[in-house]
Every structure is written in C-alpha cells, then in structure tokens.
Amino acid sequence: MLIDFKTALIILYVLAGLDVVIIIASLLNKYRYNKRKKNRQTMAGLVRRYFEDGVFPHHLRSNKSFMETYIRLREAYAVDDKTRGLVNDYILNRGIDKSYGKMINSPFKSRRMRAAVYLGHMETDIAVKALQDLFKRENKYIVKVYAANAMLLQSNAAAIPALVESLIGAPSWYIDKVRPILIDFGKSLHDHVPSLLDRDETEIRELLIGFGRVYIARDLKTYLLRQIDSENPELRDLALKALSENYPDEIRSDDFPVTDNVEILKTVIKALSNNRTPESVNTIMGYLQVQELEEHVVYALSTMARQEPKLLKYLVTMFRETTDRSVHNAVTKVLSNRIEYFLLRILSEEKETIKKLVGEILRLGGTSEIIGFLNKNRNPEIENEILDTASHLLDGDETLRAEFSTYLNERILKKLSLEKSRTAPVKREEKKEKDKIRFLTIILILVLAAFPAVFLLRRHDLFSALSPLESVKLFVVDFNYLLVYYSAAVNFIYIIILLLSLMGSSLQARLWKLKKFSFLFRRNILPSISVIAPAYCEEATIIESTNSLLNLKYPDYELIVVNDGSSDDTLNTLISYYALEKYDLLYDRFLETKPIRGIYINKNIPKFVVVDKENGGKADSLNAGINISRKDYFCGIDADSLLEPEALLKAASTMLNTENETVAVGGNIFPINGCTVERGSLEKIALPRNFVALAQAMEYIRAFLAGRIGWALIHSLLIISGAFGIFSKKRIYEIGGYLTRSERYHRDTVGEDMELVVRVSRHMREKKLKHTIHYAFNANCWTEVPERMRILHRQRDRWHRGLLEILSFHRKMIFNPSFGSTGLVAMPYFFIFEMVGPLIEVQGYLMVLAAALTGLLNPYIALLLFISTVMLGILISITSLCIAEKDEHYFSVKEFFILLGLAIIENVGFRQLVSYWRVAGYFNSLKKPKGWGEMVRKGFTQK
Amino acid sequence: MFRGLPYAVIFILVINSLPRYNFRTMNTEFYDNIFWVGDTEQVNALHCNPYLLRDGDEAVLFDPGSSLDFEKVFQNVTDLTPLEKIKHVILSHQDPDLCSAVPLFEQKGLKARIACHWRTSVIIQYYGITSPFYLVDQNNYRLELESGRTLQFIHAPYLHFPGAVLTYDPVSRILFSGDLFGGFTLNWGLFADDGYEEAMQAFHESYMPSNDILRPVMEYLLSMDIGTIAPQHGSIINRDIRKYIKSLRDLECGTFLSPIKKAITSIGGYAGLCNKILKRYYSLFDPEDVRDVFTDTDIVLDDESSLIKDFSATGRELWNRLFELVYTKKGTSWITVIASTVEKLSKEYDIGLPRIFESVIYDIEKAVETLSDENRHLKDLNERLERNLQNTREKLIKCPVTGLYNGTFFRQYLETETINSFNNNEDFAVLIIDLDNFSRINFNYGNKTGDETLVTATYIIRQTMAETHLLFKLEGSRFAYYIPETTGKDPVETAEKIRLAIEGSDSFIERTTATIGAVSASEIYAENLSHAECLRKIIDICGLRVSIGKNRGMNIVCHSSSLDASREDAGKILLVDTDEMNLDVLGTVLKQAGYAVFTCRDGLNALDVIERQNPDIVICELMIPKIDGLSLRKQMLKSSEMKNKHFVLLSYQKDDLSVDRAFENDIRYFLQKPFMMSELLGIIRSFSHAD
C-alpha cells in the first residue's frame, strides 16, 4: 500500500481546497477583466480628447499605459508632426525610450518583440538606435520582422542597408515579409538603389524588380529591361510583369528583342492589348502559331473587346471570313465572352452568322452561358433558334447531351427530346481492412490477458493457500487498485498538459496584443488562405454559415463551398441566394477526387466559389476544394459551423510566433447550441439549454482550450478538429491530401482530420524538415453538437473508430524515436490512454461494481478510487474552465457557476458512459465498417 | 388566310353539317350537386358542355350554350332546379356557342347576374343580354355564394380571348376551364378516354395563339390542386390531370409558330409523317371510318396497327395522295379538322402543304357564300364581332423596330383601359423608361446598333415583366410601361427591378442604364380632374420625372417631382465600424463639426438606419459583420434613393482587389487605416459644397 488512509484523507481535503482556491482566483480574474474593459474605455476617451483639444494627454499612470494609448491612437489615425514631436519630447523626458531600449537584451523572444513594437512608435535617438541594435544582434528572424516593421514606422532611412543585407541567405518566408516593408520605404529606398544596381544576389534583384513594379523611375526602368535577359526565369517573369504594367510602350516598341520564349511573349501580348485597334488585334492573332499562347491571346482579345466594344464588329467579320482553324477557334472563344450580346441578335439579319457562332461555342464546350441563358429566357423565338442550332450538334456529341440533360430545364429538354438526368447518390461500400483488424485483435487480447498474467505471476505463491473463490476475490481487489493507479496516471498527465496550456495561452495572449491590425494587414505578413467548407445536405444552415464565412476579417482569403452531391437542395439554395452562375474555371487536378459537376461564381463576390461534385465524403470534398483553391494555405471548415469574424486572423497570426514553417494551425471549437445567430453572425453567447449539449460544452472546454495548446507547446499536437484547421497547401499536396479512396492510399477513414495531421507531421519528420503545428487558443469556431444521446453515441463511436484506424495505419510511429516528440510522446499517449485505456477503465468499473456487490469494497479502496477518478477529474475540469475564462470573457457569472456544477457532476456517469462508448467503438471497429452515421441538424436559432 | 375567326366560323358550320350520332343518356351528376346539362342528341365535333352547380338555395350555370341546343339544355336545367334559383351565370368568354343561349334563358324568366371579365361584358351585350353583370376582374377574381362557398376565377388572357377566365371551385376541386382543355370529339364521351389528349391538342393547335401565352397559365395551373377539369368543349377530364396540363404547357401552336426545323428522316420519311396524320384521324373519328378511306386504294394499312404498311407512291407523292384520298372519300370536313396539324408539320419538316389544301380552301370559301339561313344568322353575328376587332386593330400602329405598340396606341389604350379604374378610384401606374446612353450609342456605333439597343431593352424589360403589365414604345429612346391594379410601393419596386435589369445586362453592346419616371394614378385622383385630364397629367408628370432623374445624374428611378426633397436632412452622417474607439472618437469629432451622427456595428443594421434616418454621408469600414462594406454599398446602389448618398470606405485592408471593387461600386473615397482625420474631414466638407 502506497499511502495510509489518513494521508489519503489529507489529499482529499487538499484537492478540495485547491478547487476552492482556483474558483476564487477565477472570480477575481473576472472582476479584473471588467476593470480592464473600463480601462479600454478610458483609453478611447483619451484619444477622443486628443482630437477635441489637439493635445495628447501626458499625465498617465504608467509608461506602459501611456504607450498603449498612444499606439492605439496611431493604429487608427495618422498623427501630425507636431503631436509626434511633443510625444517624443515626453518620451525622452520620462526615459521611456531608455527603459524599452533595455528590453532588447532580454533572453525572451516575446519581450524582444514587445520592445520592437513599442520602440517603433518612438522617434527619439535612443529608440532609433536601440531598434537598430536589436535588428543587428537578433538571430531570430521572426523578431527581425517585427523590428523591420518598427523601423519603417520610424521612417528610419538609415536602417535600409541593414535591412537589405538581412535578406541575403534568409528563409523565403522572411524575405517575402521584409521585401514589402522595404519597398514601402519608397523614396528612401530609391536613394539607396544606385549601390544595389550591380549586385548579383537573387534576393537583391528580386527586391529591385519588386520595387520597380510600384515605383516609377528611370534607373529602375533600365534595370527591369536588363533583367529580361536574365538566366533566372522567375526573375525574368517578374521583371516582364513590372514592365508591362508600368512601361507597356517599351514592350510594344520595335526595339524590344525578338524572342520565341513563351513567357516573354505572354507579356508582349498583354502589353499589345492595351492598344485597342484592329491592327493590334491582327498582331496578337499572329501569336496563335505558338500553341501554348492560345489562352493568353484569347484573354487579351477578350479584354480588348470588353473595353472597346467597337472591336466586336471587326472580330465578327473575322469569324465569318477566316479560313485559319486556330484563328477561328480563338475568335469563337473571344466572342463567347459576349454571348449574351449575340444571343439577342439571333433574330436579326445576322442570324446565320450568330447561329454558326452558337454552334461553334457549343462545339468548343462553352455550354454554361448558353444553358444559363436558355433557362432564364422567356422569348420562344430566340429559344427555338438556339435549339435549332443545338439539335444538330446533339447527335454526335455525348458530352453536350450530358451537359444539357443535367442543367437545362425540363420544358426545353422535352423540345429537344432529351430526358432530364438525375444522378442518384452512390452508395459507398466500405471494405474491411484486414491488417487493421489483426492489429486491433492482437492489442485487445494483450490487454485482456495482461492483468491476469501479471496477477498469476505475482500471486502464484498464494494460490496453494487460497480457495478458488478467494483467488477470484483477490483478483477483483487487485484490479480495483489497478484502476486507482491507472486513473491517477491519466489525470497526472492531464494536469501536466493543463499547466503547459496555461503557459502557452498566456504567451499567446501576450503576443496577440503585440500584433496590431496595421501590421497584420500589411502585404505578405500573413499568408493567403482558401477557406474550404464541404457541405452535405446542409440546406437548413448553409446560408447562415456562408454569410459568416464571407464576412471574416482577413487580408487575403477566398471561400470555397463544396457541395458533396447533396440529395437535398443545398446547391440550389446557394445558387438562388447568391445569384450564382455556372462558370468554366480552369484548375489543376493535383489530388484525385470524385468528378466535379460544376463550378459556380457570382462576379460581384470575387472571393466566393461554389463547387458541385459527385458524392464522395467529406475528405474527398476537401480534396476537391484544395484543387480549386488559389491561395497558399487552406482552412477546412464544417459547413454547419460559424467562425468568429477575427478567428481566421487570430489563428493565422500564430504563424508569426515562431521561426519554423507552419504546416498546420488548429482553432477552438465551442458548441453553438443555445447561442443566438443572425445572418451568420453570433449575436449572443449562451450555454446550451439541452443537457446533453451542456455536458459537451464542458468537455469541449477541457479538450480544446485547456488541452490542445499544451500539446502544441511541446510539439506534439496531433488533433486539429475538422471543423476549423488551417494547413499549408504545398505540404498537403506532397502527402496527397486527405485520405480518400480516390487518392494514393486508396482507403477511407472516418477520422480524416486527425489522420491528416498525423500524416503531415510524419512526412515532415521523415524529410527532416523543421516545422510547427500551432494551436490558436483564442480563434473560435462555433459548431452544433448533438442534443440526443443516440446521435452523440454515434458521433463518439465514429471518433473512436477513426482514432483506431489512424493508430493502426500509423502504428510504425508509436514509440519510434525517429519521429521525435510525436513518436515518443503524442502517439504513445494516444495508444496507451485513448486506445488501450478505455478497455482497462471499463474492466475496472466492472470490477468495482463486482467488489461493491460482493462487499469487497472497503472504505479505503473507495476513498482512493474517489480521489483518483472523481476528485482529480473535478480539479482538471475546474482548472480548464478557469484557463478558458482567463483572457477571454465568454460566460456570465451565473453561467460560470452552472459550468462549475457540471464540472463536478459530469465525473460521475457521463465520463463513464463515454468510456463505455469507446469500448463499444473498439468492438465495432472489428466488425463491419459503418461509415459516418447520421447527424440531425435543426439549424441555428434565429433571433 | 387560313387563320382566325373566319376559319373558326367555317369550321363550326362544316362540323354542324356532319351526320349526328345517337348516344345513350347517362347520369350527368359527376360530382355532388354538379351536373353536366348538355344536349346528348345534339352532338357534333365541337361538343358544347354547359354545367350546373347547386349550392343550397342557389344554383350557378356555367357557359349555358348556343341557341341551337337551347331547348334541351333548358329542359335539363329546369329538371334539376327551378329557374329562379339560378343566381349566377358564369361566361368564360364571348363566343356564341356558349353565350347565345343567355337571351333565350332571359326570355324564359332567368333573373341572374352574369359573371364574366369586363372585356367579355363589352362584347356580349351585342347578343342582347339584359341581365346585370358581375365583373370578376373588379371583384378580386372571386364570387362568393350565399353559403360562403367561393368560386375563384383565373384570368387566361388571349386564350383565346383577352377576357377569358377559368373558374375553380375549391370545394369540388373542379376547374371549369372554358375553351382550354376542350377537344374535337366526333367520337364523344362524357369523360376523357385515352385518345382525348390528341383530340385536345388538335383543338388547341387550331384555336390558341401561341405556346408563349399558353405556357404561363399552364404553369400556374400545375401549382393548383385540381381534381377534375370540366371544359366547355370535348370531355370531362377526371384522371391524370397533370398529364393533360403538361401536355398543353409544352404544346407548340399558333400563328407565331416557328418550330425547330427537323429532318424528315427523323420521323421516318413521308410515311412516318402520314402515319402521324392517321393517328390524329383515329383519335378524332371512328377508326372504322378512317380505315374505310383506304380500302381498295394503293395505300395499304397494317391489320394490327392500322398504320400505313405499303404504298406505291413515294415521298411527296404519298403526302399529296393521302389527303386527296381523304378529300374524295370524306369531303372538306375531314380536311379542315386536320388543317392546323398539317400546317404545323409542314413548317416543322420544311415541306410544302399537300396539293389538295389550296383547292379545298377555295371550295370552303365558296361554300360559305351559300350557307343556309339558319347559319347566316350566326355568321352575321360573328362578322360584326370581327369588324369590331378590325376597327380597333386599324388604329394600332406598331413600332417597326421593337414590334411594340407605339405612343399613339398607348394613349388610346390608357383612355379605354383605365376608365373603370378611374370611376372606382382604383390605382394604376405608368412608368416612362428612358435609355440614358442611347444617343451616345447611336453616335458611336451607328443607327443599326441603336435599333439593336432598343430591341435588347425590350427583351430585358419583358424578361422581368409581370403577366398583367404592358409595354409600349414611345418616341426616341423612351418606353412606357403600364401597371394595372397597383398598391402602394409596387410601381417603384417594378421600376427599380427594370432599372437594375438594364444596368446589369451583358446583352447591350456596352453598359447601358435607364432613367425611369413613375407616377401612380392615386397621386392625381385628389385633384378632381376628368378622366382625360387626369391621363394627360399622368403622362406629363411622368415625363417631367424622367427629366428630373436625368438631372440628378441618370440611372435612377424618380417617383416624386419635388427637386429638393433630399435636401432637408443635410448634415446627417452614419458611421459603421466594429471598432468601438473609432465610433466614439470619430462620432465626437463629427458631432463637434455640427453633423448629426448615427452609429452601427454591422451592415444589416446600417442598411436599416440608412432607410429610416436617410443620412447624407455613410462612412463605413470594409470588414463588418453580416453584410460587408462593399456589399452594403451594392445594396444601396440597388435603390435610387440610397444610391446617390456619399460613401467613404475606411479599412485596414486596402489592396488591388478591394480598390477595384470599390471603384466598380462607385466609391470614390477609400481611406486606409490609419487614416488622416483632416483628410476625412476635408472630404466630408467637400461633399457639403457639392450639394
């Protein structure tokens, strides 16, 4: 026996006392939060007074609050020179610059970052010099980015040489961020240009070309022209782009070198298209001889015809008269961009030409616009003329028939004697995976056999003395002790993670305060992101969530909603609400997916794309979305979830916390049940009314807020919820996207979100690339959770089956030192406590029950069990709640106490139920595969 | 030469002279207290179906029939109900085959109200009907019986009469459909059988003007819960209702028919075509009779299918031969009954009419000259009606470019059309739509493109147009748009819809906009003018409002004449941002500068405040919840009231894409945060100077 009864009692009291202390601390924190809120209001008041009186108030309590107010002011408004002078005098007098200047020597990265941000707003000599020193001495590139931005704020031209030199040999993400900062120096950088013109390093040349694109100067023009002959194709293309934007005449001129380089010719075509005359049209047509250029010729001519409609007549004549096949095709494509103009002319005397044009367009596959027109049109004469043309083509053209049958409305189809095609959702058959089942069976046998085996070994000497019944009794008692040890171990690990989370979240909160909007919205500071929301039968909530996703605060993002062959009206709901039109978008198929049926856009919402594809599951839809996305990162979102407006910004900004390449970022998930939503915007946060959902609220707080950030801190985060996670597109391409039947591994999983993280970190480790997986503790995504036990059971069953699939698929990583902390900490944790654990736990509960029924359960064991399972559980739940409420303010005091109550009672009953479900999930994994199971949506609560 | 009323007259006459069949009497109550009261003896191809509905102490008579079968119908009706209980007679349209019995009923002592559309009422007075009218169009298209049972009317304009109505009884779910769903049935039965669909199509091909007009009504019927269709000709349809409605919805018919040309081989050559005609004959006549035509001829029919199996003639010759045989054996009636179908098929497969048609028509026209006295009476009546229509038609002058009726017609139309509304003080509205860049287009691209633009505008307006509205072409680049029976904001909403459709269309040679003046009659009624003065004033004011709109910068809907309506509220500013400090600070600064300031924290709320408070200037952050800044601006542009408000965009996010979109949405000021307060204040001051 480890401890005696008395010690156990003392531990019990200590734990209870700890709970009370934590609750009191948390309440105090809540009170302080309100005070801080008041502080912020005073800050606004001070800024307001500045505009009223014209003088910035000096008499502030502390240097820190003075600086914070001043920065807040400068964040929103440009401050005039006079005020800046006065403030600088004050800073000098009070020695504020000096005290922050000292901070640059701090061993902590975050403090040096803070020094950079604050010093950037001071223009005293001390501050300027301190920043320069920081930049020179600093060896962390991420801090250098902050310092560079600060020096730009100071307009410190003297810093330019150091900034320029820092580019050389730096990682590309650093160069991409600092180059725009340098370019924003404008005239000061130009003064420095002469000394750079003869430099040979790629970084410098890239900088000058980039500068030439936004800054007009003779020497830069000459420099750009010189770069056209560059041996480096990337630099050459950049230079050409800059030239065609700023100096198109140079490219059009006869002096421009004759070349057969396709990339150069593309730029020449673009420059020529600025001159909108028939002669120019002819010249551009000449380039059709080079096949790769066709697309560019068509694009250039289309732009010309749109800006100068008079050219249409010329192009129509060309269409009629040309005998050159390639010219004919190109003109057809150009004219097809004005198809709506021509279709109305089909009854005029140009009828024959236009009918021919329509025929050609259909033949070349440009059906979307014509189908769209026919479905809307109310004039039967025009309709008949178009159908007349189309009917001739239908016989020989299967694709055209299929397009028509799918998208034309029934009445018109009948005229063409076609049938409306209805695609029935395909039933997926999930195959049993033999190796997975073998693995799971072995583990199961081992777990079940392990304890009896140990028992036999340890107690074999006693067997002779005991009757069989007594041996069984001994076994039961021993097992009860095992449960005590097991629970204590699990909860001990939780507590460690919890402490790590506490550290991680306060660090993140501090860093977030340093990231000012003007900095985050600067070019290239944050990566561009494609938000991808797969939707399967989300008719009820799709508009709400799309609206929320279209109104995110983020510098550069697009939204891609993927309709996964829904059997309900999801697609049509989107089309009619956002007035979408079918669009022939070109995209690369890096990842294999189920066929895409159509892409829809609204020209007025350029950042919004809807993809309609055949049903293939969530992972397949995400892969399809990734193919279509045009940004560097993508963010997978559940279509039934709401993102807070700043969630994406907060999540992506964690990439500015570390040096390494970020491959993935996860965000918080909260249950939305109970909250009020209007037009995709969260109006009021409230706890769910339903008990099942309420219990999950506590669970989510524990798992997300208080758990994952700790894992992330020790580079072992392996779960990023499918409801909200950002990934590097480049890396995901390398590993073949989400696991689907269509992709390279030819298998499905029901835990595709976790599997992707495991695989990407495995990939990075195998390639020995430094990388980070972040977790943003303040980026919130609100999602609907099951309100009925049956549905919740199914969800948990699915989660657990997913986990088992992943552990079996990646079992090579478990306890494998070559995978670093992932192989030694994260994977073993999942293996022991998430996979094997529930098996032991449920056995343990059964033994406790057996002991209780047979009177074997003495008060001592009961007390130990109570401490190790319930008391520690309560401590963890309460601490999690307090960490959640530390920096943010989600719940009212009343709700806080409801959650506290929940934190206590969920440890008896609910947790055990979840463990039981997990065991059931284990056995289900050995049986026939089941897929996803249903999720009943009721839609968000409307105001 | 083959179309329209004269043809119909000839047709009826010919059909009437056909031999009559004897039918067994049958139970004519086909729904609880709803009876078919037609004449079983008096049967011809265009069988007339009067119906009687008993409801408590009342009875309603539907389309009572012609003078020819009056005696029998009267007998049937009075067997079922005493004459004085008939309180309403419903007339679906103006044709003699259903109206000419009414005066005879009146002579027998009928005291009922005649329920019909006003257009019907104008014409049927010529039958000598003296009973009072109940105009359904002025009674919300409803007729309430004493018991509370309400009959609903569905207006089916130009099917085949402008005032045609269908009656729907929600209790029995019966649709009394008038001419619609009628059929040519020499082989008549009270209820529709398998061949009825063909017979119905044959009838509609002859009588209905075009699919364009037929389709919308059928689409509407598809949305209703109909159990039975009781047409005025042909048979009652009591099953597969939707099949029949869809069949008519998709039917190509009428004078304006321009079918898709098909290759004759696709139907199986001339033989296939002839078989199509044969099938139609089988549905119309006794199959034995049809087969009889071909006995002992060179055209051999298959025993089983009764279709052409073998023939000595080929191609076109067979086509001609078939009708020659029919004509010699069966006479003109068999030719006329199929004429529309033949004409349609000839067009569709691009082959000429069969030879016999030319000569037969000549014969028929001659035959008309020698009609019996009994029939002459009817013919005179119809000629009178025809003259009436002809008179009006002569006055109609159409715009040669757009094919729309022109300004002269527009004014006359208003005079006749609005008199009822005027007398009842009911509202209607007129819009004048002027294309803003018409003269520019004419100048830049030539007159031909100018004309094109007018045609395109016509097309676009028609795409958005409601069924009951009418479009006219005035002089120059102006159109007039008539909205009958309006309420409140309707005309402005319609006008905005048109304005946006034109602005958003990609079908013009270049982006084109329209300025629209809108006037509601109710604005004028208060002034106690005569009808003519009132109309003149409406047109004048409408023109004036177009000019005002043009002065205000075009692409606008102007529905009030006062020039300075928007001036009163000068000095109101709306701030939209999620940054509390900015709202506070900017709000204070602007208030000090003397402006009234409103603040909003999301786009939806902002839109609401703009509508209610009518601020002059909106200062807005791009990234705001619910509706983002640019979308908010877009919403504002959709309304003529909001579109001219000054708009300043403020944001941390200012990149190529957002700047492009800002310009597209007519935003001239886009400041990047941190912004200069003095710059913003300067911009706001410059707005005040501009006003």
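Is B:Pro162 buried or exposed, and at what relative accessibility?

A word on the model before you start clicking: it is predicted, local features need pLDDT of at least 70, side-chain atom pairs count only at pLDDT 80 or more, and totals for chains, interfaces and linings use all residues. Residues are numbered from 1 along each chain as its sequence is written, chains are lettered from A and ligands numbered from 1 in the order in which they are written, and side-chain values use heavy atoms, with hydrogens and water left out.

**Stop 1: B:Pro162**

B:Pro162 counts as buried because its relative accessibility is 18%. Buried here means under 20% relative accessible area, exposed means over 50%, and partly exposed lies in between (1.4 Å probe, protein chains only). You will find B:Pro162 in the loop between strand 9 (150-155) and strand 10 (165-169) of chain B. Helices (H or I, at least four residues) and strands (E, at least two) are DSSP runs, numbered from the N terminus.

Now show the surroundings. Not counting residues up to four places away in sequence, B:Pro162 touches B:Arg119, B:His155 and B:Pro157; contact means heavy atoms within 4.5 Å.

**Stop 2: the whole of chain B**

Zoom out and colour chain B by secondary structure. Chain B holds 28 helices and 25 strands. Of its 691 residues, 58% are buried. Among its contacts between residues at least 6 apart in sequence, 67% join residues at least 24 apart.

**Stop 3: helix 13 of chain B**

Select residues 339-348 of chain B. Helix 13 is largely enclosed by the rest of the structure, because eight of its ten residues are buried. Those to highlight are B:Ala339, B:Ser340, B:Thr341, B:Val342, B:Lys344, B:Leu345, B:Ser346 and B:Glu348. Then step on to B:Asp350, which follows helix 13 and has a positive phi, near 60°.

**Stop 4: a six-stranded sheet in chain B**

Next, bring up the open sheet of six strands in chain B, with the order 15-17-18-16-19-20 and mixed pairing. Strand 15 (405-406) and strand 20 (557-558) of chain B each have a single partner strand, so one side of each edge strand is left without a neighbour in the sheet. Two strands pair if DSSP finds at least two bridges between them. Inside the sheet, look at strand 17 (residues 470-473) and strand 18 (residues 478-483) of chain B, which run antiparallel and are joined by four bridges.

**Stop 5: where chain B meets chain A**

Show both chains. The contact takes 52 residues from chain B and 56 residues from chain A. About 5100 Å² is buried between the two chains, and carbon and sulfur atoms give 51% of that area. Buried area is the accessible area (1.4 Å probe) that two parts lose on being put together, summed over both.

The rule finds eight salt bridges across this interface, each a side-chain nitrogen of Lys or Arg within 4 Å of a carboxyl oxygen of Asp or Glu. One to display is B:Lys448 with A:Glu349, at 4.0 Å from N to O. On the side of chain B that touches chain A, the elements giving two or more residues are helix 7 (211-222), helix 18 (438-445), helix 19 (447-464), helix 23 (580-592) and helix 27 (656-664). Helix 23 of chain B supplies the largest share, eight residues.

**Stop 6: chain A and its strand 11**

Chain A has 40 helices and twelve strands, and 58% of its 943 residues count as buried.

Select strand 11 (residues 724-728) of chain A, where five of the five residues are buried. Both faces are covered, with A:Phe724, A:Ile726 and A:Ser728 on one side and A:Gly725 and A:Phe727 on the other. Strand 6 (residues 633-637) of chain A runs antiparallel to strand 11 and is joined to it by five bridges. Strand 8 (residues 661-671) of chain A also pairs with strand 11 in the antiparallel sense, over three bridges. Centre on A:Ile726: it is the bridge partner of A:Cys635 and of A:Val665.

**Last stop: A:Ser302**

Finish in helix 17 (residues 294-307) of chain A, where A:Ser302 sits. A:Ser302 counts as buried, at 14% relative accessibility. Leaving aside neighbours within four places in sequence, A:Ser302 is in contact with A:Val334 and A:Asn337.
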